Amino acid sequence: MKIKNPILRGFYPDPSVCEANGKFYMVCSSFQYFPGVPLFESDDLINWKQIGHCITRSSQIDLKEVNSSGGVFAPTIRYNDGVFYMVTTNDTYHKNFYITTTDIYGEWSEPIFVDQGGIDPSLFFEDGKTYFMSNGSDEEGNGCIYQCEINPLTGEKLSESVPMWKGSGGRYLESPHLYKIGDWYYLMAAEGGTEYGHMITYARGKSVYGPFENYPGNPVLTNRNLGGHQSTIQGIGHGDLIQDREGNWFILCLGFRQMAMWSPFHHLGREVFIAPVNWQTDGWFTAGNRGIVQAEMELACTKEQKAVDYSVNLADLSQNPCRLIYLREPVRENYELREDVFRLRGTKTNLFEAASPTFAGIRQSEFNTELKCKISTRSGEAGITMYMDQGNHYDIFVDNTGEKASVALRICLANLKVVTNSVPISIEDGVATTGIKIVSDCYDYHFYVIDGDEEKYLGNGLTKYLSSEVCGGFTGVVSAFYAVDEAETGEWAEFSDYSWVQKED
Ligand code: 6LW
């Protein structure tokens, strides 16, 4: 069966997947966003549906002071003995912890901390024992995976953390996952860093602590040797190995789509890709199409990929609010979502701070999009931001000072803030209202004011300046409703007639 990659589009990095009760579950990183760790369900590993988030309470995670791309790093999901485990790092505080649930549709536990450093923790269960591994470095400062045994109920270490594998020699040895398949223990990881040199490597051994012998064909999966003219899919790495219910094996991994062949920039974040795995008679496996991941891949499974439309309107959001993500520690009382209107109450906190402004975002999943919305405010600023991080975003907003009002386009890059265009609008009964439109392709965002049938072009912002290559960090562009009210009047801004069409490219 032919499938199209990425299978989950937009900012969903570091996928990890497990099987339980005839279904598959996947989690991804979430960094400074809340709720944390989006959780997906699938029957076949190809078609995924978000069923919620693992981290839904601020008691589970301290995000208050985390910078952009801090907070929740690469999670691993595992299922053992009727219990789901989601293990991750709050990178800002260098703390590894896991949470558990017996009901995948329900709430997860409070965090259980494990006193082992590094990032990208993972768990392995065997014969009543629970092993915890994460990355770290050896005495010479080279990458090394460490493992210990823990008590799964308390997180208490039952053994010393010992080095188990040093990788294949690439920088940034990360995302270790251990599997027992047949007689072998396979230890798979990522190396090369999460940019263009990213790759998946593995080794195998006869015991849970090794020694592990490197696969002679490492890296088993990477697009690092493909230029943009050969593949706009880059950065393939950080994956998890899994078998479907027909007996086929796959790696689900991250990768990104650079914006165009000769433009090595990506702004949609790291996304989820699938690649076939083929076992060899000698017990090693190969992956992808001769080790690479393509936009279209032939998979052995018989399950058909359903077209996914990432378009969204307020009715969809009110039925499926888990598509909305907020910054750090959102104040729930400042949001009121209904089928026909989304009301936001602005505070003093603005978009330029690594804080918790009134902000409700949706990931950009396709290059070609068209967003329309009617916005009104009685006090302060209300708008839509195309947001990479606090220093880098494009905002189109209504500003109502009480005496006058305008619609403006503001370009914020590297902390420079410039209103590049604005048009005055009237205030009626204290309320300033406008329609806006944002049209994107792979190169630009174009911003318009809509007044009845009339459209006025306000200007553009280049997508590449919101890319990871320019801004740094690990996230992707999120389009957010936001409101800022310096005076904290308690008035609500209103967003209605909202639709964001996201067309597959
Ligand atoms: C993650 C690391 C990585 O912890 O990026 O791509 C880091 N790999 O494994 C943040 O997502």
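Does Phe481 count as buried or exposed?

Modeller: Phe481 counts as buried, at 1% relative accessibility (buried is under 20% relative accessible area, exposed over 50%, partly exposed in between, with a 1.4 Å probe and protein chains only). This is a predicted model, where local features need pLDDT of at least 70 and side-chain atom pairs pLDDT 80 or more, while totals for chains, interfaces and linings use all residues. Residues are numbered from 1 along each chain, and side-chain values use heavy atoms, without hydrogens and water.

Now for the rings. Rings of Phe, Tyr and Trp (its six-membered ring) pair if their centres lie within 6.5 Å; planes under 30 degrees apart are stacked, over 60 edge-to-face, the rest tilted. That rule gives 33 aromatic pairs here. In one of them, Tyr131 and Tyr209 have ring centres 5.9 Å apart and planes at 85°, so this pair is edge-to-face. Tyr131 is buried, at 7% relative accessible area, while Tyr209 is partly exposed, at 28%.

Your residue, Phe481, forms an aromatic pair with Tyr498: the centres are 4.6 Å apart and the planes 50° apart, which is tilted. Phe481 sits in strand 38 (residues 478-484) and Tyr498 in strand 39 (residues 492-503), so their pair ties together parts 17 residues apart in sequence (strands are DSSP runs of E, at least two residues, numbered from the N terminus). Tyr498 counts as buried too, at 4% relative accessibility.

Elsewhere, ring pairs link Phe11, Phe31, Tyr33, Phe73, Phe359, Tyr387 and Phe474 into a cluster.

Key: Helix = DSSP H or I, 4+ residues; strand = E, 2+ residues; numbered from the N terminus.
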